[in-house]
Amino acid sequence: MAFNIYDLTSFNQSIDKFLYDNLPSFWAMIVEMTIIGVAFLLFYAVIGLFLVYAERKVCAFIQNRVGPNRVGPYGIFQTIADFIKLLMKEIIPIRKADQFLFNLAPFIVIIASFMAIAAIPFGLGLHAIDLNIGIFYVMAVSSLGVIGVLLAGWSSNNKYSLIGAMRSGAQIVSYELSVGLSMVTIVVLAGSMQLSEIVEAQRNGWFIFTGHVPAFIAFIIFMIASTAETNRGPFDLAEAESELTAGFHTEYSGIKFAFFFLAEYMNMFIVASIATTLFWGGWMPLHIGGWEGFNHVMDIIPPFFWYMGKTLVVIFLMMWFKWTFPRLRIDQLLKLEWKYLLPVNLFNLILMALVVLMKWHF
Amino acid sequence: MNAIINYLKELFGGIKTLLTGMSVTGYYFVHPKAIITQQYPENRKTLKMFDRFKGEVTMPHDENNQHKCTACSICEINCPNGSIEVISKQVEKEDGKTKKELDIYKYHLDMCTFCGICIKVCPQDAIIFSQGFEHAVFNKAKLIKTLNKPGSSLKEKVKEVKEVI
Amino acid sequence: MEDLIITGPGIQDEEYIVNMGPQHPSTHGVLRLKIALKGETVERIEPHCGYIHRGIEKMCERLTYQQMIHLTDRMDYLSAHINNEAVCLLVENALQIEVPERVKYIRTILDELTRLASHELWWCAFGMDLGALTTYFYGLRDREPILDIFEETTGARLLQSFNVPGGLMNDIHPNFQKRVKEYITYFRKKLPEYDELLTGNVILQERTRDVGNLSLEDAISWGVTGPSGRASGFACDVRKHHPYSAYDKVDFNEILYTKGDSFHRYDARVREMWESLKILEQLIDNIPEGDYAVKMKPIIRLPEGEYYQRVEACRGEFGVYILSTGDKWPYRAKFRSPNFSNLSAINKMAAGFKIADLVAIGGSLDLVIPDIDR
Amino acid sequence: MNNEQLKESIHSIDSSLNITEGPQYLTINVKPEDLSKTAAMLKNNPDLSFDYLFCLTGNDLPDAYAVVYHLESSKHGHALVLKVTTTDRENPTVDTVSNLWETANFHEREVYDLVGICFNNHPDMRRIFLDEEDWVGHPLRKDYTDNNIVTR
């Protein structure tokens, strides 16, 4: 591979060097952290607002509607207006709630999702931290959010919230298994848990193509299980609005509700990012063997756009699920996991190991 | 073996039904022509209600500010909700006879259930339904309307009142 | 914390009492269900009605028969036209007035359009209850042309008050037949989509099959009628067994199932839409010429006695009982509302199932709350 | 079975019943003390098997209270009206039929609520629509007055 104009590694390193040369190492670290933190906060907010808008537009088109179309052209400022509204809304105090936990819960949910995006590689050299156990870290951190959900349900002192929170607990405990196993399938293929290396391993072909059958099965299982993990789509039992009004966040209002709302969309973004990284080659452009001209054109598109494009496609898939299917019941949810997904997953893992051993993959 | 076949059948059959459902929603996603939303306040100019639409009761006046109501009160008697009040006055004619004439035709839009009986029973066809449907007001008192215009009078050549009720 | 512990007669230690409603997304109105839960399992349900009790029966005692009609609209607002017809048929039968054939045909067509519109609304709300939010818009989309047809002919979209004793308020609009025919072709194309999107869906099947079973004996004993009763095998279609208007002239099937679970209640309604289309097709081209009403006396006095008229509303058997003393208003009017009886069976159906199943059962019963409270 | 045959077959079972012919349905008039016996006979006799109670009405008549039961047989398709009148103006009481037809449970509660006829042995004799605690009177009685009633 020739020199890549989009390689940001050297650019990052030069900033790093500049800071450490001019400042004491402690302050340099602080400044670096602040820059990255602010950048991620901005990114977080923009992505969150965009996804809310996208979801509303997608579901509107599916439902033969127009969707938001009043604030700004095509309603693009609708979510910003909504967010301002949520900021200004009164936070209704719940007298009999457990105040400390009640106030803590939204922060846990949002911090968990915020921590997870730190390890995701958005482009060549464009990630905050490249852990050598990246997958493990992302999985562990992103499932911390359920603690916030459980706390919210418990501390609200509301019967519907409690039922919703308990459902959410049962759901995440079971589906964590499938998410993990489908990730392991890819780890077997890639031979590494470091996210940057997994992406690098897909330079000559995305895993969903090179790993053919088992990778495809793993992808489907990952999509189902991760949709369940984010409490979305047909698996939104924790907030099942027709049964539990709004489930665990029934009692939240104003900005605290906005935190839950934003975290839901960020979680969706995170699982879509993981899916992109593991199965769809991360920020790698689409290359077709033998088509040199085509590959060259593809290389011109910056990796960040490749990455976001793939992620949005995966997110669209999740939205499509949500707006098509009815909701499952709690026992059916668990049945799906333990009766279908887990056996298929284990079988798939063995198949993948076999494929890797016999070098059947491309 | 049968159990495994059944298991797989169940699995793939289930996936197939899910894909069928997704094909329906997917079809509409890529066919924005199927959108049926009406852009309401914008299409006010072109929005036309059907002729028979029961918007509110009105009393048509002709160019001479004349209406057809003889103040016979049949509509008032027939209204199930008491939303019509016909207030009449005795007017002395040139020939010395006194005649009952409409003073105020009061219509309580807030109590009206749009059953259409008043219009059906009116022997003179003096009241009709108009097609206006934007009834929202900030003050409830505005919903009590006077249907005859100020200074209006009875149109001549009105047939004799039929015996209805 | 003491005040959080609810004690009292009838409340067992392990029970978790949850109030579903009066404001709840899946009760479709102001119905309150007091549910005793054990975990997520429903132990028993106690319906509390009356949040929009308006005393229609009391009001009818001071209204003439023509004026009464507009109140029947407001009970089951989704089968407004059918409710109107019940009162009109009662008056006509009591006075032994033979209405023109044209009126019978038009009434039957409007009945079936009402039924289609109601079942479409039920379908979309049922999907929404189960979490498939898109169905809501597809159902409303298909209901819209029917409401337009109503609006063009009757002047109102929902509460039409189009029937009067002795006929109709108005003749049909010149466009009526054309529009109905257009709609039949349109909806014949759209109805298979309902099956693709929801009926066949494996999640819906799982959610509704063997949920809320009601045996035939129970259905009859509880008086569960309409599609809900026919799903249990109770042949209670008034259109078939006691034909009124033009129903004796059309050929249609009474949809009967045997199991009486939520899925059969669901399916009975979807199949009924096909039957409604069939009835419409048979009638729409054959509307005979004639008057749209017979001349009635301005004051209707029913001869002394008791009268009862049953019709098949969208949710079951709707009945009007009138006790007349020969006055111009009824001495006593009673409306037998299908939803009231259907609701009473909900405890029988839902006990032992999960709280999510209760939503499916309530949705498959298709309750309209104003009809329960009256 | 038409009304004539129905009348005959009922009379063959219990000849003491007072059956009149209305414009639509046969009407059996019974006294309150005979109600549960007659109702059980009508439901359980295999020739009659009136298993479907489709309407239950409470009436405040000028001199009595009446409860009107509209019954149909889902098997044979015939229908009749069972009517029980009680002249007790103070506390009218009638036996419940909710042990025979479950739907009577709610309908009797409605009658109790609106007309004020009490049903013996009813499993849950409470008001159903109006407020249990603070509603006074039974609105469908003719002597019921309320300041909010508008008379035209």
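Is Asn121(D) buried or exposed? Select Asn121(D): this residue is exposed, with 11 other C-beta atoms within 10 Å. (Buried takes 20 or more other C-beta atoms within 10 Å of a residue's own, exposed 12 or fewer, partly exposed the range in between; C-beta atoms are placed from the backbone.) This is a predicted model, in which local features need pLDDT of at least 70 and side-chain atom pairs pLDDT 80 or more, while totals for chains, interfaces and linings use all residues. Residues are numbered from 1 along each chain as its sequence is written, with chains lettered from A and ligands numbered from 1 in the order written.

Most residues other than glycine have a negative phi. Asn121(D) sits in the segment after strand 7 (118–120) of chain D. (Helices are DSSP runs of H or I with at least four residues, strands runs of E with at least two, numbered from the N terminus.)

Now go to Asp366(C). Phi is near 60° here too, in a residue other than glycine. Asp366(C) lies in the loop between helix 14 (355–365) and helix 15 (369–373) of chain C. Asp366(C) is buried, with 27 other C-beta atoms within 10 Å.

**A loop residue in chain C**

Select Glu304(C), in the loop between helix 11 (262–284) and strand 6 (305–313) of chain C. Glu304(C) counts as exposed, with 11 C-beta neighbours inside 10 Å. Leaving out residues up to four places away in sequence, Glu304(C) touches Ser324(C), Thr325(C) and Gly326(C). (Contact requires C-beta atoms, placed from the backbone, within 7 Å.)

**A helix pair in chain C**

Show helix 5 (residues 134–154) and helix 6 (residues 176–199) of chain C. Their axes are 11 Å apart and the packing angle is about 165°. (Axes are lines fitted to C-alpha atoms, for helices over the stretch in contact; angles run from 0 to 180 degrees between N-to-C directions.) That makes helix 5 of chain C roughly antiparallel to helix 6 of chain C. (Under 35 degrees is roughly parallel, over 145 roughly antiparallel, 65 to 115 roughly perpendicular, the rest oblique.) Among the contact residues are Tyr138(C) and Ile146(C) of helix 5 and Tyr183(C) and Phe187(C) of helix 6. By class, the contact residues are 11 nonpolar, two polar and four charged. (Ala, Val, Leu, Ile, Met, Phe, Trp, Tyr, Cys and Pro count as nonpolar; Asp, Glu, Lys and Arg as charged; the others, Gly among them, as polar.)

**Inside chain A**

Move to helix 4 and helix 12 of chain A. Their axes come within 9 Å and cross at roughly 25°. That makes helix 4 of chain A roughly parallel to helix 12 of chain A. Color the contact, including Val109(A) and Ile110(A) of helix 4 and Phe259(A) and Met266(A) of helix 12. The contact residues divide into 11 nonpolar, two polar and one charged.

Next, pick helix 5 (residues 134–142) of chain A. Its buried residues are Gly134(A), Ile135(A), Val138(A) and Ser142(A). Seen down the axis of helix 5 of chain A, they fall within an arc of 100°, so they line one face of the helix. (The arc is that of the directions from the helix axis to the C-beta atoms.) They pack against helices of chain A, including helix 4 (99–117) and helix 12 (254–279).

**Last stop: chain A with chain C**

The contact takes 22 residues from chain A and 26 residues from chain C. Helix 11 of chain A gives the largest share of the chain A side, three residues.

Technical notes
Contact = placed C-beta atoms within 7 Å.
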